[in-house]
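Visitor: Could you take me through this model one feature at a time, giving the general idea before the particular case?

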Amino acid sequence: MTQHTTALFEPARLPGLDLPNRLVMAPLTRNRAEADGTPTPLMATYYAQRASAGLIIAEAATPNAVGQTYPNITAIHSPAHVAGWRQVTDAVRDAGGRMFLQLQHGGRVGHPSTSGLTPVAPSPVPLPETIFTPQGHQPAPVPREMTAEDIRTTVADFAKAARNAVGAGFEGVEVHSANGHLLHQFLARNTNLRTDGYGGSVTARIRFAAEVTEAVAAGIGAGRVGLRVSPGNTVNGITEGETEELYPALAERLDGLGLAYLHVGYADPDTPVFRKLRTGWSGVIVANPVLKKISTEGVHRASEALLAAGADLIALGRPFLANPDLVTRLRLGAPLNEMRDRYFMYVGGATGYTDYPALDAQPAGASSDSMVALDGGRVA
């Protein structure tokens, strides 16, 4: 093993929060919550195992009932949710870690069989694929177009969810405006057909994402708030249009708030949009690399390219999923565990969740020279 001493392992800082290294655990939906969205003790174990990350961004939690995407995902809109998450944050803090919580509304990515409610979206354009429900995969329903009152209520729900997250012990929250969910649906031309002040031009299409982020920042302080985007991402049937104009415009509107960070998913340092975001954003950028090969050297190469292009922190999903001691492995140049994709989502339980071995319990011959990408881009 060759020990690595790159900038990945140097301390970093967010507003009001010191980080021991520049490695961030990206949010990963794992479907291990109770049916009502309450986090479980097993989740506390899972996150505490990964507390050596500079920052953990916990999996997407819904700010209201209609925002639920899949079965057994987490939520943050009831006292039970807050109490469940408190068990998680306490366990991570006791293990020396720090956590933000991602706030995600699914928009049209939802089903009445899961939430009991008809999904809402910018426009009545259904997801062009099936969606997983408690009864298995079903055709996606036509969502109800959000009214002006729906928009105001949803913005308020995000702000309340952020306050709940702080009450649950999180250092901050990440507003999810990526991967084809509600805020991303407002950004995209094919899912936003509105003719009011929230649709049409680039300025109008960024408005909802900006208002949500601004409300959350007003509710808990901008330094506790990150924003995640994934420019050009087509997952969940998204076709954005004007990608190179959308994201710099959104970043310009929000830059003066003093947010904790801008998180760029599927970040490619060679693309014009990444360069524009780095040039135009005055704060911290968290970059989630596209990993063609999930191995120790592959992670180092992709991470170092993004750091050289101006990223401040590197967010990794699948490597953290299968390697609770990822920071140590990367520092030592040790091989990574292979991910067991069968147990990623929709299955529950400890298998493929809390039973990945650390180096001191590593079976002989484990390697990560190949790893399976899965679930249509929903994995970071």
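Guide: Residues are numbered from 1 along each chain as its sequence is written. This is a predicted model, in which local features need pLDDT of at least 70 and side-chain atom pairs count only at pLDDT 80 or more, while totals for chains, interfaces and linings use all residues, and side-chain values use heavy atoms, with hydrogens and water left out.

Visitor: What span should helix 4 have, and how far apart are its end C-alpha atoms?

Guide: Helices (H or I, at least four residues) and strands (E, at least two) are DSSP runs, numbered from the N terminus, and the expected span of a helix is 1.5 Å times one less than its number of residues. Helix 4, residues 148-167, has 20 residues and should therefore span 28 Å, which agrees with the 29 Å between its end C-alpha atoms. Just after helix 4, Gly169 takes a positive phi of about 100°.

Visitor: Which residues of helix 4 are buried, and what covers them?

Guide: Buried means under 20% relative accessible area, exposed over 50%, and partly exposed in between, with a 1.4 Å probe and protein chains only. The buried residues of helix 4 include Ile151, Val155, Phe158 and Ala162, and among the elements that cover the buried residues are helix 2 (79-94), strand 11 (172-177) and helix 7 (207-220), where contact means heavy atoms within 4.5 Å.

Visitor: How many residues are in the largest nonpolar core?

Guide: A nonpolar core is a set of buried Ala, Val, Leu, Ile, Met, Phe, Trp, Tyr and Cys residues joined through side-chain atoms within 4.5 Å. The largest has 91 residues, and Tyr47, Trp85 and Phe208 are among those with the most contacts inside it. Helix 7 gives the most to this core, with 8 residues. Apart from it lies another core, of 15 residues, including Leu17 and Leu55.

Visitor: Which residues does Trp85 touch?

Guide: Leaving out residues up to four places away in sequence, Trp85 touches, among others, Met43, Tyr47, Ile76, Leu101 and Phe170.

Visitor: Where is Val290 found, and is Val290 buried or partly exposed?

Guide: Val290 is found in the loop between strand 14 (285-289) and helix 10, and counts as partly exposed because its relative accessible area is 47%. Leaving out residues up to four places away in sequence, Val290 touches Tyr266 and Ala267. Val290 and Val125 are 165 residues apart in sequence and, C-alpha to C-alpha, 29 Å apart in space.
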